[in-house]
Amino acid sequence: MRETGECTMNAATTGLAAGMALGFAGYFGGFWAFLLVLVLGTAGLIVGLVLQGDLDLRARRRQ
């Protein structure tokens, strides 16, 4: 059972939010704004996965 105020996001919701952000950046800022949002979003995703413990960069370096 969820506690009051708890919010969960699944992959579909996260993908929808990312797609909408890229769409707005492309529409209002053009191609370079779209590309900047895409690159920074990818970097943020990688940092988030590392901090969450779902991505281990040290293990990938040893391969």
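From the N terminus on, the elements of this protein run α-α-α. The model is predicted, and local features need pLDDT of at least 70, side-chain atom pairs pLDDT 80 or more, while totals for chains, interfaces and linings use all residues. Residues are numbered from 1 along each chain as its sequence is written, and side-chain values use heavy atoms, without hydrogens and water.

**Exercise 1.** State how many helices and strands the protein has, and check the spans of H1 and H2 against expectation.

*Solution.* Helices (H or I, at least four residues) and strands (E, at least two) are DSSP runs, numbered from the N terminus. The count is three helices and zero strands. The expected span is 1.5 Å times one less than the number of residues. H2 (residues 31–52) has 22 residues and reaches 31 Å, close to the expected 32 Å.

**Exercise 2.** Find the aromatic pairs and classify the geometry of Tyr 27 with Phe 28.

*Solution.* Rings of Phe, Tyr and Trp (its six-membered ring) pair if their centres lie within 6.5 Å; planes under 30 degrees apart count as stacked, over 60 as edge-to-face and the rest as tilted. The whole structure holds three aromatic pairs. In one of them, the centres of Tyr 27 and Phe 28 are 4.9 Å apart and the planes stand at 85°, so the pair is edge-to-face. Phe 31 and Trp 32 also pair edge-to-face, at 5.2 Å centre to centre and 70° between the planes. Phe 24, Tyr 27 and Phe 28 form one aromatic cluster.

**Exercise 3.** Name the residues of the nonpolar surface patch, and decide whether Met 20, Tyr 27 and Phe 28 are buried, partly exposed or exposed.

*Solution.* Like charges are joined within 9 Å, nonpolar side chains (Val, Leu, Ile, Met, Phe, Trp, Tyr) within 5 Å. Accessible areas come from the Shrake-Rupley method with a 1.4 Å probe; for residues, only the protein chains shown count as cover. The patch consists of Leu 16, Met 20, Phe 24, Tyr 27 and Phe 28, with about 650 Å² of accessible area together. Buried means under 20% relative accessible area, exposed over 50%, partly exposed in between. Met 20, in helix H1 (residues 11–29), is partly exposed at 45%. Tyr 27 is exposed at 67%, and Phe 28 is exposed at 63%.

Note on methods:
Patches are made of residues with over 30% relative accessible area and no salt bridge: like charges are joined within 9 Å, nonpolar side chains (Val, Leu, Ile, Met, Phe, Trp, Tyr) within 5 Å. A salt bridge is a side-chain nitrogen of Lys or Arg within 4 Å of a carboxyl oxygen of Asp or Glu. Buried means under 20% relative accessible area, exposed over 50%, partly exposed in between (1.4 Å probe, protein chains only).
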